[in-house]
Amino acid sequence: MASPSPPSPQFFTPHDLRLACRNGTHNTTTSFTTPTVQCNLLVLPSRYASSFTQLCERNPVSCPLLYSTRVGSPTTPLAPGANLTTDLPRYNVYKDGKLLTPHGIISVEEYWTKDHVGFLIGCSFSFEWALSAAGFPPKNSLCTPVKCVPMFRTRIPLSPAGEFTAGCVVVSMRAYKERDLAEVRRITRAFRRQHGEPVAWGWEGARILGIEEKVRKGIVDFGEWVEIDGDAGEIPVFWGCGVTPQVAVMESEIEGVVISHVPGCMFVTDVPVEEEMSNLKLWSAEFM
């Protein structure tokens with residue numbers, strides 16, 4: 001499930017980027033640092049919708065739920081005119097908890113049925129523009145070609161809900177100088193619907209999460225490795241990550257067809273990140 005690392009062309013608007021995804025000419029949103037909200041996507045058979053909503057409520061840092069679609073509808077007011085089956089760079093498809101598309105696919109029109117419900121979950125890519133504007137660009141955005149952030153499965157279990165009986169917290173990592181940590185925390189704290197401030201940092205934080213060995217060896221579970229320059233005073237900093245639901249689907253062996261984004265290939269909305277999202281939290285009457 002490695003994420004792509006092609007060059008990132010410039011787009012004038014989120015609409016332009018979504019059209020490029022729909023046309024198959026762009027396959028990542030990594031470091032598309034425009035001040036609009038990016039979202040993780042998970043699409044489930046409707047019978048799991050209530051349980052997944054509850055899972056998000058019980059694990060709000062890892063799974064900050066922004067919007068759920070009507071049953072069978074691949075549209076959202078977060079991006080009018082967009083189609084959730086075609087307008088992400090790449091998708092994963094699961095069947096009975098097993099990944100069917102290890103390299104991702106560019107459209108899921110044939111998999112999204114009239115019985116599916118889509119969930120959009122906040123993403124830490126949404127605050128990368130703010131970090132960059134403040135003089136703290138994530139190192140992955142400075143790589144040539146641009147890389148996706150490293151992501152790791154931790155040993156921290158999710159609080160279960162309904163059929164989602166298993167799964168662990170996944171975290172993304174960005175390296176920052178220890179002297180800059182307080183400011184990085186302050187900036188990202190404001191983006192609570194995009195995972196908020198870091199959940200852990202430093203090597204002690206990595207140890208607590210159960211991922212110290214993987215981080216020291218540069219072994220990622222998702223995304224791409226980006227070096228930590230200890231000589232320059234850098235330490236690993238970890239945030240909640242919206243890949244967490246995909247791990248819950250696999251480890252809980254959720255039956256039926258489930259669709260998600262490929263890590264690093266988010267849904268880009270038209271919503272400014274400063275806008276309060278609570279007025280867009282629309283629940284489907286069909287499953288509530």
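How many bridges join β1 to β5, and in which sense do the two strands run? Seven bridges join them, and the strands run antiparallel. The model is predicted.

**Figure 1. The whole protein holds seven helices and eleven strands.**
The protein has 288 residues, and 57% of them count as buried.

**Figure 2. Strand β1 pairs with β5, β10 and β11.**
Strand β1 covers residues 36-45. All its pairings here are antiparallel. Seven bridges link β1 to β5. Look at Asn40: its bridge partner in β5 is Ile121. Three bridges link β1 to β11. Here Thr36 stands opposite Pro272 of β11. Two bridges link β1 to β10. Here Leu42 stands opposite Ser260 of β10. Is β1 mostly covered or mostly uncovered? Strand β1 is mostly covered, with ten of its ten residues buried.

**Figure 3. An open sheet of four strands has the order β6-β7-β9-β8.**
Pairing in this sheet is antiparallel. Which strands stand at the edges? They are β6 (151-157) and β8 (200-201). Each edge strand has a single partner strand, so one side of each is left without a neighbour in the sheet. Follow the order from β6. Four bridges join β6 to β7. Phe152 faces this pairing, standing opposite Val171 in β7. Next, β7 and β9 pair over seven bridges. Tyr176 stands opposite Ile235 in β9. Last, β8 pairs with β9 (residues 234-240) over two bridges. Ala200 stands opposite Phe238 in β9.

**Figure 4. Helix α7 lies across β6 and β7.**
Helix α7 spans residues 244-251. It runs at about 150° to β7, which spans residues 168-177. How many residues of α7 are buried? Seven of the eight are buried, so α7 is largely enclosed by the rest of the structure. The buried residues are Thr244, Pro245, Gln246, Val247, Ala248, Val249 and Met250. Strand β7 is mostly covered too, with nine of its ten residues buried. After α7 comes Glu253. The phi of Glu253 is positive, near 50°.

**Figure 5. The largest nonpolar core has 46 residues.**
Which residues have the most contacts inside this core? They are Leu44, Phe52, Phe164 and Phe238. Several elements give two or more residues to this core, among them β1, α2 (49-58), β5 (116-122) and α5 (202-209). Strand β7 gives the most, with six residues. At least three residues come from each of domain 1 (14-123 + 253-277) and domain 2 (124-243).

A second, separate core has 32 residues. It includes Leu66, Leu120, Phe136 and Val271.

**Figure 6. Met266 sits in the loop between β10 and β11.**
Strand β10 covers residues 257-261, and β11 covers 267-272. Is Met266 buried or exposed? The cut-off for buried is under 20% relative accessible area. Met266 has 2% relative accessibility, so it counts as buried. How many residues separate Met266 from Leu88 in sequence? They are 178 residues apart. In space, their C-alpha atoms are 6.1 Å apart.

Terms used: Residues numbered from 1 in each chain as written. Predicted model: local features only at pLDDT ≥ 70, side-chain atom pairs only at ≥ 80, totals over all residues. Heavy atoms only, no water. Buried < 20%, exposed > 50% of the residue type's maximum accessible area, 1.4 Å probe, protein only. Pairing = 2+ DSSP bridges. Contact = heavy atoms within 4.5 Å. Axes fitted to C-alpha atoms, helices over the stretch in contact; angles between N-to-C directions. Core = buried A, V, L, I, M, F, W, Y, C linked by side-chain atoms within 4.5 Å. Domains from an automatic or database assignment.
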